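User: I would like to learn how to read a protein–DNA model feature by feature. Where should I start?

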Amino acid sequence: MSAVAADRPPEFATRLLAWFELNGRHDLPWQHPREPYRVWLSEIMLQQTQVATVIPYFRRFLERFPDVATLAAAPVDDVLALWSGLGYYARARNLHRCARQLVDEHGGQFPRSLDALAALPGIGRSTAGAIAAQSWGARAAILDGNVRRVLARHRAIDGWPGAPAVQRRLWVVAEALLPDDRLADYTQALMDLGATICTARRPDCAACPVSAECIARITDTVARYPAARPRKPRARRRARMLLAFNARGELLLERRAPVGIWGGLWCPPMLDDDALSGDGGHALLDAADRIETLPQLHHAFTHFDLELQPLRFTLSRSGGVAESGRQRWVSLDELAALGLPAPVRKLLASLDLTVST
DNA sequence: AAATCGGGGCG
DNA sequence: CGCCCAGATTT
């Protein structure tokens with residue numbers, strides 16, 4: 001170690017690491033072995049998604065794509081299919097792009113520098129820090145939702161952590177608290193503290209290893225931190241979903257545009273109410289023999305609610321209507337292998353009972 | 001710096 | 001229903 005004594009004893013890290021030994025999570029699937037590919041994959045999956053949800057996806061994904069090269073060589077459809085149900089599908093497309101970029105530009109290896117990592121698709125400053133610290137023990141900070149909450153309380157930092165000015169202060173604190181070694185454990189410990197002790201709703205300050213130096217705890221203002229996100233009005237949109245079956249019982253699906261909701265996924269054709277209000281007609285609906293109106297479906301996105309009206313019908317003549325552009329007929333057996341939005345998968349599953357009769 | 005992007009789970 | 005969750009990217 002350095003011969004120079006630290007001006008500031010690294011009490012935060014010391015206490016945190018001691019707590020981690022006894023109370024941290026040591027059995028997460030991406031910790032054994034703790035290597036860059038697994039750390040990266042877990043970090044991307046854990047963006048906006050909770051640990052318990054991620055674990056089964058992580059296992060399936062790793063089984064199908066055991067390394068960067070396998071992932072890079074796979075069709076993006078396979079990646080999206082395994083991602084189906086996790087949400088935020090841009091993550092899956094970025095993951096695939098990143099794997100190909102790693103193979104094409106970095107010899108299939110993760111670059112060591114933070115800047116090079118953060119330049120890769122889907123990897124920002126925090127994820128770059130997590131990969132570097134956890135894989136190689138680099139002295140790099142992270143700032144995810146858990147850490148933002150812990151630090152906002154520990155230093156009683158006002159303002160919504162999403163605000164750039166607040167975020168900048170939090171990064172300064174995050175880097176100032178970094179220990180000189182054991183960075184992989186330290187990073188995991190900080191996230192574990194936020195996930196199990198310093199939780200959003202009911203923090204267990206009595207069990208916290210750093211409560212003695214926590215400004216919010218000392219001033220009994222823990223509930224004030226972090227400040228809540230400013231609320232926005234939630235929009236409401238309506239659309240019709242066309243469940244077109246042909247004489248062979250196949251379902252018409254189309255690949256959605258890469259941007260927008262359910263980007264890149266396979267989905268029955270949809271009609272916005274705006275689009276429909278014009279001529280009131282559609283080639284599929286015109287060709288339908290009999291249209292059955294299914295129960296309406298509500299789906300909540302982060303920033304708007306979608307009300308879906310499923311319309312089910314059979315086309316006796318399937319020629320000319322489909323197999324053009326991005327559309328294709330899919331047998332019900334093939335559905336499992338395709339990346340479908342979770343609510344669509346649910347809807348079709350409930351439909352199978354009636355289809356088979 | 002602010003806006004955009006656009007799932008799922010939980011109490 | 002509201003909020004949270006191991007954010008990144010674009011304007």
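**Reading the DNA surfaces and the fold**

Analyst: By class, the surface near DNA strand C is made up of nine nonpolar, ten polar and six charged residues. Keep in mind that this is a predicted model.

User: Which residues come nearest to DNA strand C?

Analyst: Of the 25 residues around DNA strand C, the nearest are Gln 48, Gly 122, Thr 127, Gly 145 and Arg 149. At least two residues of this surface come from each of H2, H8, helix H9 (145-154) and helix H11 (183-196).

User: Which protein atoms lie by the phosphate oxygens of DNA strand C?

Analyst: Separate backbone from side chain when you read such pairs. A polar backbone atom of Gly 145 is 2.7 Å from a phosphate oxygen of DNA strand C. With Asn 146, an N or O atom of the side chain is 2.7 Å from a phosphate oxygen.

User: How is DNA strand B read, and which residues come nearest to it?

Analyst: The steps can be repeated. There are 20 residues around DNA strand B, of which Gln 48, Gly 260, Trp 262, His 303 and Ala 342 come nearest. Sugar and phosphate make up 55% of the atoms of DNA strand B within 4 Å of the protein. The surface near DNA strand B divides into ten nonpolar, eight polar and two charged residues.

User: Which atom of DNA strand B does the backbone of Gln 48 approach?

Analyst: A base nitrogen of DNA strand B lies 2.3 Å from a backbone N or O atom of Gln 48.

User: Now the protein itself. How many helices and strands does chain A have?

Analyst: Chain A has 15 helices and eight strands. It has 357 residues, and 47% of them count as buried. Among contacts in chain A with a separation of 6 or more, 66% are between residues 24 or more positions apart.

User: How do I describe two helices that pack together, and at what angle do H2 and H8 cross?

Analyst: Helix H2 (residues 36-46) and helix H8 (residues 125-136) have axes that come within 9 Å and cross at roughly 145°. Their crossing is right-handed. H2 contributes Pro 36, Val 39, Trp 40, Glu 43 and Ile 44, while H8 contributes Thr 127, Ala 130, Ile 131, Gln 134, Ser 135 and Trp 136. Seven of the residues in this contact are nonpolar, three are polar and one is charged.

User: Is Glu 250 buried or exposed?

Analyst: Compare the relative accessibility with the cut-off of under 20% for buried. Glu 250 counts as buried because its relative accessibility is 15%. Glu 250 lies in the loop between strand E1 (235-246) and strand E2 (251-255). Its side chain makes polar contacts with the side chains of Asn 246, at 2.8 Å, and Arg 248, at 3.1 Å. Leaving out residues up to four places away in sequence, Glu 250 touches Ala 244, Phe 245, Trp 329, Val 330 and Ser 331.

User: What should I look for in the backbone, and which peptide bonds are cis?

Analyst: The peptide bond from His 32 to Pro 33 is cis, with omega near -5°, and Pro 33 is in the loop between helix H1 (11-23) and H2. A cis peptide bond also joins Tyr 225 and Pro 226, with omega about -10°. As for phi, Tyr 88 has a positive value near 45° and is a residue other than glycine. Tyr 88 is in the loop between helix H5 (76-83) and helix H6 (90-106), and is partly exposed, with a relative accessible area of 45%.

Methods: Residues numbered from 1 in each chain as written. Chains lettered and ligands numbered in written order. Predicted model: local features only at pLDDT ≥ 70, side-chain atom pairs only at ≥ 80, totals over all residues. Heavy atoms only, no water. Near = heavy atom within 4 Å. Polar contact = N/O pair within 3.5 Å; in protein donor to acceptor, adjacent residues only side chain to side chain. Nonpolar A, V, L, I, M, F, W, Y, C, P; charged D, E, K, R; others polar. Helix = DSSP H or I, 4+ residues; strand = E, 2+ residues; numbered from the N terminus. Buried < 20%, exposed > 50% of the residue type's maximum accessible area, 1.4 Å probe, protein only. Contact = heavy atoms within 4.5 Å. Axes fitted to C-alpha atoms, helices over the stretch in contact; angles between N-to-C directions. Left-handed = near helix turned anticlockwise from the far one by under 90°.
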